[in-house]
Amino acid sequence: MTNRQSPHGAPCRRFLAFCFAALLVACSGSDDGGGQGTGTGTGTGGTFTGLSALPNPPLTAAPSADDEPVADTEAFHTAVNFAVVREAADPLPEASVVALTEADFALGLPDAVVTAPAALDTTSNAAPFFVGLDNLRVVAGETLEIRFVPRDPEGELPGMFPQEIPEGGSFIDNFDGTRSLIWQPLQADIGITSFTAVAIDPDESDYRTSQTVLIAVDAPDDPAEIPNVAPGIKEVLPFTVRAGDPVVIEIEGVDRNGTLPSVELESAPAGASLLPHPRFDDRHVLRFVPPAAGELIIDVVVRDAVDTSLTATESISLTVETPANFVRSGTRLKELAANQGVNFGFAASPEFYRRADGALYAAIAAEEFDLLSPEASLKMAPINPLPGRYEFADADNLMAFARAHAMQVRGHTLVWHRVLPDWVLETAVAEREVHMREFITRVMTRYVDDIDLWDVVNEPIADEGGGLRSSIWSDSMGERYIDIAFAQARALDPNATLVLNEFDIGFAGPKIDGLLALLDRLQAREVPVDAVGFQMHLFATYDDFDELAANFAAVAARGLDIHITELDVSLTDTTDEQQQADVYREVVEVCLEQPRCRVIQTWGFTDRYSFRSFFDPLPFDADYAAKPAYSALQNALGE
Ligand code: XIL
């Protein structure tokens with residue numbers, strides 16, 4: 001088999017990166033002073049003219065000592081072979097919960113929002129609507145009922161479903177085509193709450209009308225009028241763990257009266273500790289090591305802070321299996337792949353080491369993979385949630401885990417149109433290039449000694465038609481955002497492998513055609529792309545293997561490497577695990593037949609944490625048992 005040189009980088013490149021970054025600033029191209037970059041343009045012709053100097057001072061503050069994670073000494077994790085750090089700063093409030101105000105309430109019932117399929121002729125089919133609704137004001141402790149009566153102009157009865165139901169509320173069926181929100185707001189609900197019901201057109205299920213109602217909850221003159229309800233516990237899902245591994249479980253007590261319940265173990269495993277969480281006052285951490293296999297039920301009791309007779313019990317169910325159950329026959333995937341000159345990797349769940357089964361997750365990952373993509377931890381929203389604020393702890397921990405297991409890390413991803421922080425979405429168009437480049441610079445500089453393989457730009461091609469995807473990046477810089485991102489990455493780390501990553505290019509069609517045309521334009525402009533990432537999120541019905549081979553060949557013909565970056569094979573109603581296994585095998589075979597295919601990564605490895613878990617797409621099931629797909633991978637890799 002062709003001797004593939006898997007992407008390696010030279011050691012100690014943080015110093016080199018600093019030099020290149022300095023060089024970049026010193027000998028930059030024309031600088032309009034505002035550092036607004038020269039990357040504008042529509043991607044037509046001409047060699048990339050180089051990067052302008054980034055502004056100094058920067059548009060947003062660079063990471064500072066305040067952004068440095070600190071040692072997580074509370075051992076609220078299952079990491080057994082790398083030191084864990086945590087954010088030093090307190091967590092940000094839920095950015096998605098924008099507090100509603102009396103001013104919002106005074107504006108009256110919010111306008112209904114209608115969504116329809118583009119092709120739908122709405123002149124002959126008017127949208128469904130609700131009758132008899134208005135905003136509502138209640139006093140905490142009172143029970144309210146809001147009846148939702150959907151109607152459709154064509155006379156049929158629309159369907160209906162609720163969006164997020166307030167804690168303690170219910171959306172009951174009145175069995176007459178209407179539903180009612182029943183809710184008793186308490187102290188913790190004082191303020192303005194919104195509730196949205198969605199009516200579904202009787203003839204077109206994607207034709208919908210969302211109607212929000214605002215509920216103003218006032219405090220009563222006498223707080224004692226509010227009933228004290230029993231506390232609760234946030235649900236803890238069942239886990240499969242391995243005997244002998246540390247288990248940590250965060251237990252979160254909830255009390256809608258706004259008080260903090262106490263937490264007790266009724267049936268604690270031997271040696272278990274239950275400690276208050278050092279940073280979250282509504283949480284406790286249960287930690288223990290299950291010594292032997294068996295079914296464990298741990299009963300946790302929460303007791304009301306005001307009336308200790310008010311309690312709730314949650315039974316946590318754990319299946320403890322013997323380590324022998326997780327010993328797989330044959331050779332590990334990374335070893336088989338290495339024999340073929342290929343890296344075999346996975347995408348690592350954020351904070352897997354804080355989950356009950358984290359030790360088992362880590363053990364299997366370490367056995368099977370020599371390359372890791374952070375599934376979420378390096379994306380812009382988690383890393384840079386606010387201007388000048390950085391949260392590196394989870395990414396740092398994944399780097400430590402990778403180092404502990406001699407894994408390479410794929411930096412996923414520097415520039416994408418998704419998982420962006422709100423503040424970036426709200427920036428001025430003219431500032432977008434600098435924000436993009438400042439993020440690239442800060443992340444690549446921090447991890448230059450950990451990462452030598454970067455998904456620089458992710459999903460640049462539009463879903464339909466093969467043209468450039470419209471995004472906050474392309475809308476501000478045109479296609480040149482890609483040139484700029486790759487030039488910035490190359491300047492920061494000349495030895496790294498720089499990848500353009502895309503999905504739905506594993507078969508013939510306008511998307512692969514559009515990507516190849518883009519590559520031709522980028523190469524004509526001497527943009528430093530080293531490889532193309534084929535994400536390969538497939539269904540088990542996939543059979544376009546010849547087209548995949550042709551697409552690989554077209555990329556290789558451009559002197560570029562091929563990386564399979566996010567392989568998963570979703571089951572459908574008409575396919576089974578053997579057909580899933582066959583697709584895994586054939587995709588690997590196509591890769592191995594292409595000398596420039598250098599990397600195969602699955603997007604996770606256990607169905608339990610797949611972002612497509614509904615379709616059970618991965619080689620291990622939700623209890624970490626190897627599926628036929630796992631054996632198929634071994635066979636395809638030369639077992
Ligand atoms: C997905 C993650 O798996 C999800 O957990 C997250 O909510 C959204 O992003 N293509 C990509 C990946 O490049 O970054 C996406 O990962 C899946 C599609």
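In which strand does V457 lie? The legends below take up this and other close-up views. The model is predicted, with local features requiring pLDDT of at least 70 and side-chain atom pairs counting only at pLDDT 80 or more, while totals for chains, interfaces and linings use all residues. Residues are numbered from 1 along each chain as its sequence is written, and side-chain values use heavy atoms, with hydrogens and water left out.

View 1. V457 lies in strand β23, which covers residues 453–458; helices (H or I, at least four residues) and strands (E, at least two) are DSSP runs, numbered from the N terminus. With a relative accessible area of 0%, V457 is buried, a word that stands for under 20% relative accessible area, whereas exposed stands for over 50% and partly exposed for what is in between, with a 1.4 Å probe and protein chains only. The C-alpha atoms of V457 and L500 are separated by 5.3 Å, although these residues are 43 residues apart along the chain. Leaving aside neighbours within four places in sequence, V457 is in contact (heavy atoms within 4.5 Å) with several residues, among them T413, Y481 and L500.

**View 2. The cis peptide bond at T413.** T413, one of the residues in contact with V457, has its place in strand β22, residues 408–415. A cis peptide bond joins H412 and T413, with omega about -10 degrees.

**View 3. D201 in a loop between two strands.** D201 is found in the loop between β10 (191–200) and β11 (208–218). D201 is buried yet has no salt bridge, and the nearest side chain of opposite charge, that of R208, is 9.7 Å away. Here a salt bridge is a side-chain nitrogen of Lys or Arg within 4 Å of a carboxyl oxygen of Asp or Glu; for charge, Lys and Arg count as positive and Asp and Glu as negative, while His and the chain ends are not counted. The side chains of D201 and N125 are joined by a polar contact of 3.2 Å, that is, a pair of N or O atoms within 3.5 Å, where within protein one must be able to donate a hydrogen and the other to accept it, and residues adjacent in sequence count only if both atoms are side-chain atoms. The side chain of D201 also reaches the backbone nitrogen of D203 at 2.8 Å.

**View 4. An open sheet of four strands.** Strands of a sheet pair through backbone hydrogen bonds, either parallel or antiparallel. In this open sheet the order is β12-β14-β17-β16, and the pairing is antiparallel; two strands pair if DSSP finds at least two bridges between them. β12 (232–233) and β16 (273–276) stand at the edges with a single partner strand each, so one side of each is left without a neighbour in the sheet. Two bridges connect β12 with strand β14, residues 247–254, and G232 stands opposite V254 in β14.

**View 5. Two residues with positive phi.** A406, in the loop between α6 (393–404) and β22, has a positive phi of about 50 degrees although it is not a glycine. M536, in the loop between β25 (531–534) and β26 (537–539), has a phi near 65 degrees, again a positive value in a residue other than glycine. A406 is exposed, with a relative accessible area of 68%, whereas M536 is buried at 3%.
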